[in-house]
Amino acid sequence: MLVSELDFDLPPELIAQTPAEPRDSSRLMRLSRVAGQIAHHRFHELPALLRAGDLLVFNDTKVLRARLRGHKTTGGAVEALLLREIETNLWEALLKPSARLKVGSEIEFASSDGDIRVKATPEARTEDGWRVRFLHEGDVRDLLPSLGEVPLPPYIKQAADEARYQTIYARRAGRAILDPQIALDSAAAPTAGLHFTPRLLEQLGEAGIGSAFVTLGIGVGTFRPIQSDTLESHAMHSEEYEISTEAAQAVAAQRARGGRVIAVGTTAARVLESASDENGLLQPSARGTRIFITPGYRFQCVDALITNFHLPRSTLLAMVAALCGNAPRDSQELPDGLAGLEKVRYAYRQAVAERYRFFSFGDAMFIE
């Protein structure tokens, strides 16, 4: 499939620079996969759009204060974005300006007030950046709340309250419980979850809608457009996830009673589809995934999706098109990947025409 088929014209003024206030006042487009029909709502109307007995699955990852600012000891500013902890004080990171850095050079990072300083050295280049060793007697992770900043996406040009780039249920970072070799740190937020408020979660529970939580550490690959000409030629980035016993049991119980599993965000969907068997069931686990969901893929676990509006030519848009090509589980319609792509194109044209806001701080879709 040509990547150009995932392209669309997006006026730059529709890229949201600030979040909706309050969170659940953002707009919500409802898309029916069977009829291809669209309806326009506000996010706080979600309880009325779902069915009693639905199960929402959230990604409870917490965005790390992973952006560090410093300078080389020989002069020159350096910025680091920590991607993944390999072991204590050894991290995979993006460094800027990368081209001027050398293995073994020394960098000093400092907090904004200058009270906390720590030195580091690039040890080797990696597939995504650098392997960086922090020269610190303790664990540099303990310094990050004061030393680092929450990294906002590159297309957000305005300063923003860091708390608004965390979901209200964000709680997981660091090492997986089931496998300490798995790092669950995130360099980005699961943005579909940014629309939820404490009151909305209460209303969902009161409406008989269940919740479960999985964790996927989100890497910077989520921001990168596909560079190849075809989807088949794209090398998908790797991310690590964990599924608890409680989450696996919640999905199993949902399947047993024939209810819908609704992923809140593409990251939650990625976990569910990476870990599910042909019956849509999960096992408690912690591992990495490079799953690339494209039109023609048959979903095993996810029945519906809540998601934001995505970048042109992105892997996330390919996943949305794939889901739209799957018939709902309670429908007799056969899946049709091409028809799914057409439905996504139609929905995105409508979103642009109706002035929906796009990307991390933007509006949302409910695809069922």
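Start by selecting Cys301, which is buried, with a relative accessible area of 0%. Buried stands for under 20% relative accessible area, exposed for over 50% and partly exposed for what lies in between, with a 1.4 Å probe and protein chains only. What you have open is a predicted model, in which local features need pLDDT of at least 70 and side-chain atom pairs count only at pLDDT 80 or more, while totals for chains, interfaces and linings use all residues. Residues are numbered from 1 along each chain as its sequence is written, and side-chain values use heavy atoms, with hydrogens and water left out.

**Stop 1: the cysteines**

How many disulfides does the structure hold? It holds zero, where a disulfide is a pair of cysteine sulfur atoms within 2.5 Å. Cys301 takes part in no disulfide, and the nearest cysteine sulfur to it, in Cys324, is 18 Å away.

**Stop 2: Ser26 and the segment before strand 1**

Next, select Ser26, in the segment before strand 1 (27-31). Strands (E, at least two residues) and helices (H or I, at least four) are DSSP runs, numbered from the N terminus. Is Ser26 buried or exposed? With 2% relative accessibility, Ser26 counts as buried. Show its side chain and you can follow it to the backbone oxygen of Arg23, at 3.4 Å. This is a polar contact: a pair of N or O atoms within 3.5 Å, where within protein one must be able to donate a hydrogen and the other to accept it, and residues adjacent in sequence count only if both atoms are side-chain atoms.

Now display what surrounds Ser26. Setting aside neighbours within four places in sequence, Ser26 is in contact (heavy atoms within 4.5 Å) with Ala20, Arg42, Phe43, His195, Gly362 and Asp363.

Stay in this segment and pick Pro22, which also lies before strand 1. The peptide bond leading from Glu21 to Pro22 is cis, with omega near -5°.

**Stop 3: more backbone to inspect**

As background, most peptide bonds are trans, and most residues other than glycine have a negative phi. Go to Pro97, in the loop between strand 6 (90-96) and strand 7 (107-110). Here the bond from Lys96 to Pro97 is cis, with omega near -5°.

Then select Asn89, in the loop between strand 5 (77-87) and strand 6. Asn89 is not a glycine, yet its phi is positive, at about 70°. This residue is buried, with a relative accessible area of 7%.

Arg355 is another residue other than glycine with a positive phi, near 65°. Look for Arg355 in the loop between helix 7 (337-353) and strand 15 (364-367). At 42% relative accessibility, Arg355 counts as partly exposed.

**Stop 4: the cavities**

On a 1 Å grid over the protein atoms alone, a cavity is a set of points where a 1.4 Å probe fits but cannot get out; a pocket is an open set with protein on both sides within 12 Å along at least five of seven lines, and lining residues have an atom within 4 Å of a point. Grid points are joined across faces, edges and corners, and a volume is the space filled by probe spheres set on the points.

There are three cavities of 30 Å³ or more. To centre your view on the largest cavity, select Ala189, Thr191, Thr222, His310 and Leu316, the closest to its centre among 21 lining residues. Helix 5 (266-275) and strand 14 (304-308) are the elements that give two or more residues to this lining. By class, the lining of the largest cavity has twelve nonpolar, nine polar and no charged residues. Nonpolar covers Ala, Val, Leu, Ile, Met, Phe, Trp, Tyr, Cys and Pro, charged covers Asp, Glu, Lys and Arg, and the others, Gly among them, are polar.

The second largest cavity has a volume of about 110 Å³. Of its 14 lining residues, Met236, Arg270, Thr315, Leu316 and Met319 lie nearest its centre. Colour helix 5 and helix 6 (315-324), each of which supplies at least two residues of that lining.

**Stop 5: the largest pocket**

Finish at the largest pocket, with a volume of about 570 Å³. Strand 5 and strand 11 (239-243) each supply at least two residues of the pocket lining. Coloured by class, the lining of the largest pocket shows seven nonpolar, eight polar and nine charged residues.
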